Amino acid sequence: MSGATGPQGVDGAALGGRLRERDLSAAPPALNLLESTAPADREQAAALLREVSPAALGGEAPGHVIGITGPPGAGKSTLLSALLKRWRADGSTVAMLAVDPSSRHSGGSLLGDRARVEFDPSDHEVFIRSTSAGERLGGLAWATRAAAHALAAAFDVVVIETVGVGQAETEVADVADTVAVVVQPGSGDVLQFLKSGIMEIPDVLVVTKADLGQLAVRTRRDVSAALRSLGSRDTRVLAVSSLSPPQGIDELVAALGEHRERSSIGERRLRARRANALADYAHEHGERGLRALGGRRAAEQLLERQEPTLDTAALVAALELGAKGAG
Amino acid sequence: MSGDHSARLPEPDRPWMMRTYAGHSTAKASNELYRRNLAKGQTGLSVAFDLPTQTGYDPDDELARGEVGKVGVPISHRGDMAALMDGIPLGEMNTSMTINATAAWLLSLYIVAAEDQGVAQEQLQGTTQNDIIKEFLARGTYAFPPAASMRLIADMIAYTVEHVPKWNPINICSYHLQEAGATPVQEIAYSMSNAIAVLDAARERVQAAHADDEAAAQELMEQVFGRISFFVNAGVRFIEEHAKLRAMATLWEELGRERYGVQSERHLRFRYGVQVNSLGLTEAQPENNVQRIVLEALAVTLGRDARARAIQLPAWNEALGLPRPWDQQWSLRIQQVLAYETDVLEYPDIFEGSIVMDGLVSELLQGARAEMAVVAEHGGAVEAVAYMKAALVDSHRERIRRIEAGEQVVVGQNRFTETEDSPLTSDAEGGILVVDPAVEAEQIDEVRAWRASRDQAAVDAALAGLAEAAAAPEQTTNLMDATIAAARAGATTGEWSRTLREVFGSYRAPTGVGEAAAAPADDELSELREEVARLQERLGRRPKILVGKPGLDGHSNGAEQIAVRARDSGMDVVYEGIRLTPAQIAASALQEGVHVIGLSILSGSHRELIPAVIGALREAGVDAPVVVGGIIPEQDVDDLRRAGVAAVYTPKDFDITRIMRDIVELVGAGYAGAGAAVANAPVAVAGNGSANGAA
């Protein structure tokens, strides 16, 4: 099947092309398409993603994908409002994906965070989308990952905001170039998570509410000590206050930028694409599918042999082909 | 026990203060209304301000659109306040102002208006509502973040105790908690916790001011405690409601003695004013509201030991729209019959020694103490706002469920619904007050003329002084002085608020919907979930709804219940909260890719705001259908539909699951043609007749 035949009747390749040309108005329909589970829409979504794949772009997507995660009440929304203002002042275009947990009973979800990030409705270079955590267990929804990749072709900054500590930043690390964990002063949980290894070590650790004074200073010191004892020298620990006058926002923006400069984005994204492809494949075909490839390790090796510019969908296809060949 | 008590008082008690919550259109029109009400035997004033004044915007602000002069009177500067009080001797009047975030400002304008009349501030009597925590919880007319708001309140208390000694600087409100769905236990516990937060903040201030003189600090604290009054609600279960007030009196005295060391009996007395319940007033057979109001008035007058100091009664038609002067007169007459015709004021406390009443009171006390402990564990009322808000949303959901299921009878609404046509609502305007839409334009011109005519240098200097005072450490600088100076210089409500917002930052209160527990799935809801799942198959995506409140109206209880039920039906819900401009709604709807938009308005601004929102949506290229809920007079429904609204829901549509089913159908109808380019579907679904199905 080809052409505009899905429930949404949109041409995925054309949308992908618009994103590649950095036409920001393509973002809403692109997200509508990527979120669709209708088979015909999924074909169009694949066409969209092909248009923004490294192969089509001639390299990695230019946008900086930043994961921001932390427990509820840590001050993420206020921080994001301040960051948004700062990025816009620099002339960067910004997309934000806010991921909220779904209700387990009904499948429905309340996407509350949007109201809490201040934005200028007349500013067409900002795009904010809330999305429910969705179906895939143990990872971000397929649509969220796909959206982050696609939006990185068009926007300078793509933020993925998730709620929680422990699982959340592991998930967001699968897709983000830079992961920032946000904690508020006095939150012992994060220290425990760090020390016990439940939480992966983030690239940047942000202590909010620096206006609380001593408590914030102590938290910052404790977190730094914990990170040192774990042997992490690369994680920047920053204290910010979003109360006016804001403190530390400029430093945070600089730290996020620096992380991007000094880390190898290409390698990280390639690793993420492979991990995501394997997860998607396992989700689709289960343990039996993995056995057909000769186990998880063999599947990983198969992925490592593929062209680095293939997107996740193409990598999944390669796994499926491999399983057929082996069977 | 009380064997020496006579069955009668030697002299009947003096009646309580009688007020009517009133104000609309302009200061001049409201002044005429006040004078007429006083001539009818009303004994105090209760000023209703419009939403821009309550939230700190001038009439020409974008957010004020459609709201000017609607739910109250617009007061932008000292000239407006002088016109509002023209010919009313402020040295003798007792004025209650329903004002919170901007209370310091409106009190300052009142003080300046009194100066103009030659009345010193020491003589002024009245009350500013000034209870910001319940604005975060229930009413939504906050302007500044919690800490800055609490500072303003503490400043006002400190200032009035010294300079306006007969003024009640704050009315701790349990009223709005009940409107938001609070049970009697929650109402008692949250309002008492709220009082503790205010008193603790005041005590800090008092102790800082008298660090070297403990006795003076204690003396001042006694006075502060004595100036705190309450504003309560009374529902139709009037016996339990009376018990609630007795329980509050007990807790208040206990709190005074134990936490604040108050000893004077006079200062320990629980003083309250009341507006009886509006939540229980129905749009269906609205005449029944009269007897509801009468019974609720009994709850606050029957027992002498817990009798209201001041009463204002809502009008029978509040669920229909804004009441007219005649409707309000009817409610004043209810009070007068109760006070002057019945024998209610002739006896000592008639419940003294009642085992039943004492039992009810102790039951409520036990529940309230337990809930107060939970709030204290959260770190007090300010820290526990999110917790309390979620608990209220939950209680409200349970209340609605009971009404939907018929477990709680509402006569004329879910039982005994057969009715004759009402002659009360048969006039052209449907028995309500319609504010002249020209008022807004007049007020915009007026405030611009005011700004052009004043001494701008003096205003600039006063506002600079205000900004400086706000940035100074709170223990050293009371904001009231700078606020009164700005009022005197001719600054406007919007300028005062903007100056403080720039220093304090702005704030959005928690919505409580994210934490609300899922509804137990009855058959109807399960069926609906299946329908939503089928629709999801067809759409390819989970149906997504945007719920929000355009304009300044902060009464979000209804919108929150819609949001929670939509989630429980299996939809993705983007809950945008309150105070949204049409541009914000359009931007969100576009970016979020929603299938339907639900708007809620209770302030009467729907005629202006809804078409503006639809215009903004269509301009942004969003074709999703729009449904509207709120207090929408019958005669406005057709106009809204012509403006492109697909369905209108009013208080008589109490079955929320049924509304959800309509919405699911509406979305489904818009996507009827399988495979068609539905992203551009016309809004022709507007006429599909599923709206108002409950009529």
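Student: Into which domains is chain A divided, and where do the bounds come from?
Tutor: Chain A has domain 1 (10-57), domain 2 (64-263) and domain 3 (264-327), with bounds from an automatic or database domain assignment. This is a predicted model, in which local features need pLDDT of at least 70 and side-chain atom pairs count only at pLDDT 80 or more, while totals for chains, interfaces and linings use all residues. Residues are numbered from 1 along each chain as its sequence is written, and chains are lettered from A and ligands numbered from 1 in the order in which they are written.

Student: How do you know which residues of domain 1 and domain 3 of chain A are in contact?
Tutor: Two residues are in contact if their C-beta atoms, placed from the backbone, lie within 7 Å. By that test 6 residues of domain 1 of chain A touch 4 residues of domain 3 of chain A. On the domain 1 side, α3 (39-51) and α4 (54-57) of chain A each give two or more residues, and α3(A) gives the most, with 3. The C-alpha centres of these two domains are 22 Å apart.

Student: What makes α5 (residues 76-89) of chain A agree with the span it should have?
Tutor: A helix is a DSSP run of H or I with at least four residues, numbered from the N terminus. The expected span is 1.5 Å times one less than the number of residues. For the 14 residues of α5(A) that gives 20 Å, and the end C-alpha atoms are 20 Å apart, so the two agree. Just after α5(A), G91(A) has a positive phi of about 90 degrees.

Student: What makes a residue of α5(A) count as buried, and which ones do?
Tutor: A buried residue has 20 or more other C-beta atoms within 10 Å of its own, an exposed one 12 or fewer, and a partly exposed one a number in between, with C-beta atoms placed from the backbone. In α5(A) the buried residues include L79(A), L80(A), L83(A) and W87(A), but also K76(A). Over the 327 residues of chain A, 52% count as buried.

Student: Why are the buried residues of α16(B) said to line one face?
Tutor: They are E440(B), Q443(B) and V447(B). The arc is taken over the directions from the helix axis to the C-beta atoms. Down the axis of α16(B) the buried residues fall within 60 degrees, so they line one face. The face turned away from that side carries the exposed residues A438(B), D445(B), A449(B), A452(B) and S453(B). Helix α16 (residues 438-453) of chain B reaches 23 Å, close to the expected 22 Å.
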